[in-house]
Amino acid sequence: MPDTAPHLPPQLPTAALISLPGLYLGGADYLGLPHPAVAAPLAAVIYGIAIIGAAFLLSWAAEAAQVDINGGLALALLAFLAVLPEYAVDFVFTMRAGIINAEQGHCLPDTEGANPCSLALANMTGANRILVGIGWPLVVLVATLAVVRARRRGGAHSASAHVGWVRLPRRMSAEVFFLGAATVYSLHFPLRDSLTLVDAAVLVSLFVLYAWRLAKAPVEEPELTGTSAWVGTRPARPRRWLYGLMFGYAAVVILATAEHFAENLVHTGTELGIDHFLLVQWVAPLASESPELIVACLFAWKLHASSALGTLLSSKVNQWTLLVGTIPVVFALSSVSFDGLPIDLHQRFELLITAAQSLFAVCILLTLTMTARWATTLLVLFLIQFGTSIALPEEQDRIVIAVLSVVYGVLSLGLLIARRAELKRVIRDGTATPFAVLQRADEQEAVRLSGE
């Protein structure tokens, strides 16, 4: 049964309140109302905090909604809503690129030296690499610390988490399979000069098939804690009104602040002398991805390790299918054409290493287990490229990207050969095996692990 709380948790009004300054500034600007002039760095912080607060509200609302809707779809919905700020920020850059492309006939650097098409792709590739390179290892670390803490206190711990590894249930083979399918398709992106509506059709179709597969999962009682538990344990009608209000308020905050957040990030980069591309690739995604990272860590700390890693895995599926797939659509609409979003030389390298990292991550999860060894490998490889992207000129950074992509590829090939049987099982379980069969297998595995 979900945890209950007799009083309103302070986190809920706090998240709503910290979003108000950004909502006021952004809304007043759009509506032409009087508002104070704020320097770009401070404005970026205000809008960023507002987006984070809104994302927390979305996460709590989506978790509480699991009481009323299918559990599998609820997890996918949670993942989608948790990365909604990422969608909003990326769409802002993509729309701007489309408008400039329509007016000028190209997507070359603007007066501030930033290529708007590159910024749109930089935000997307940065977000995807942060999610896997930082988020997944962080879950393993936090889950391990939580298990050690539980053992010292003499308490029980989850069968999905042990010291040094986290295991996913077999029913999450669908996430691994569809992430793998999207990744295989993305491997040819570095050879392309644009992302087109054909890519949108393929990737969005994969997301639809993924959601359709999850819709077949049986309804399960959610494991709610903290704020989401308080919302989820209200009587049915007030509960639905409450999380509906949370959804609506958070959506309004994001719509009012996302464009301003992106705009002030670019201005801040100009004032501080920071490269616009790096600012958009790393700072903006960190702000928009932080809510789901925090939520995942909370799950892991409360010994729900499979839910923690599963949430980030679902977010990765969402971003690598629906987000990437809708970018060409937004670009086409904003440019009033059927043109694809142009990909320059450096973005081909960025897409290469993002796809290579994704392939390696999928190969790791063929066993549905993330160990400390592989988590450390993901983190180290990410930090190497993160460091070189800041410290090295663009031309030299491309060499590092190429080398790391080869490393990812070699590791992936080795894992694919060693895990041929697991690959076949993930394909079968992810597409055809009834969820009732997978549920029984998960229960048997939990009994076995608890006895070790």
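This is a predicted model: local features need pLDDT of at least 70, side-chain atom pairs count only at pLDDT 80 or more; totals for chains, interfaces and linings use all residues.
The axes of helix α2 (residues 40–65) and helix α9 (residues 236–272) come within 6 Å of each other and cross at roughly 155°. Angles over 145 degrees count as roughly antiparallel, and α2 and α9 are therefore described as roughly antiparallel to each other. The crossing in which α2 passes α9 is left-handed.

Another helix pair is formed by α4 (residues 84–104) and α11 (residues 305–335), whose axes come within 8 Å and cross at roughly 30°. Because angles under 35 degrees count as roughly parallel, α4 is roughly parallel to α11. Here α4 passes α11 in a right-handed crossing. The residues that meet between these two helices can be followed on both sides: α4 contributes, among others, Tyr87, Phe91, Met95 and Ile99, while the α11 side includes Leu322, Leu323, Ile327, Val330 and Phe331.

The aromatic residues come next. A search of the whole structure finds twelve aromatic pairs. One of them joins Tyr185 and Phe189, which are arranged edge-to-face, with 5.7 Å from centre to centre and 90° between the planes. Phe189 has a relative accessible area of 1%, which means that this residue is buried. Phe360 and Trp374 also form an edge-to-face pair, with their centres 5.7 Å apart and an angle of 75° between their planes. Since Phe360 belongs to helix α12 (residues 345–364) and Trp374 to helix α13 (residues 372–391), this pair ties together parts that are 14 residues apart in sequence. Both Phe360 and Trp374 are buried. Elsewhere, Phe177, Phe178, Phe207 and Tyr210 form one aromatic cluster.

The charged end of Arg234 sits over the ring of Trp230, at 4.5 Å from the ring centre, and the charged end of Lys316 sits over the ring of Trp320, at 4.6 Å from its centre.

The backbone also deserves attention. Most residues other than glycine have a negative phi. Val336, although it is not a glycine, has a positive phi of about 50°, and this residue is found in the loop between α11 and β4 (341–342). Leu368 is likewise not a glycine and has a positive phi of about 60°, its place being in the loop between α12 and β5 (369–371). Leu368, by contrast, counts as buried because its relative accessibility is 1%, a value under the 20% limit.

The last stop is Ala28, which is found in helix α1 (residues 11–31). With a relative accessible area of 3%, Ala28 is buried. Leaving aside residues up to four places away in sequence, Ala28 touches Leu23, Leu33, Pro34 and His35. Ala28 and Leu379 are 351 residues apart in sequence, and their C-alpha atoms are 41 Å apart in space.

Terms used. Residues are numbered from 1 along each chain as its sequence is written. Side-chain values use heavy atoms; hydrogens and water are left out. Rings of Phe, Tyr and Trp (its six-membered ring) pair if their centres lie within 6.5 Å; planes under 30 degrees apart count as stacked, over 60 as edge-to-face and the rest as tilted. Buried means under 20% relative accessible area, exposed over 50%, partly exposed in between (1.4 Å probe, protein chains only). Helices (H or I, at least four residues) and strands (E, at least two) are DSSP runs, numbered from the N terminus. A charge sits over a ring if NZ of Lys or CZ of Arg is within 6 Å of the ring centre and within 35 degrees of the ring normal. Axes are lines fitted to C-alpha atoms, for helices over the stretch in contact, and angles run from 0 to 180 degrees between N-to-C directions. Angles under 35 degrees count as roughly parallel, over 145 as roughly antiparallel, 65 to 115 as roughly perpendicular and the rest as oblique. A crossing is left-handed if the near helix is turned anticlockwise from the far one by less than a right angle, and right-handed if clockwise. Contact means heavy atoms within 4.5 Å.
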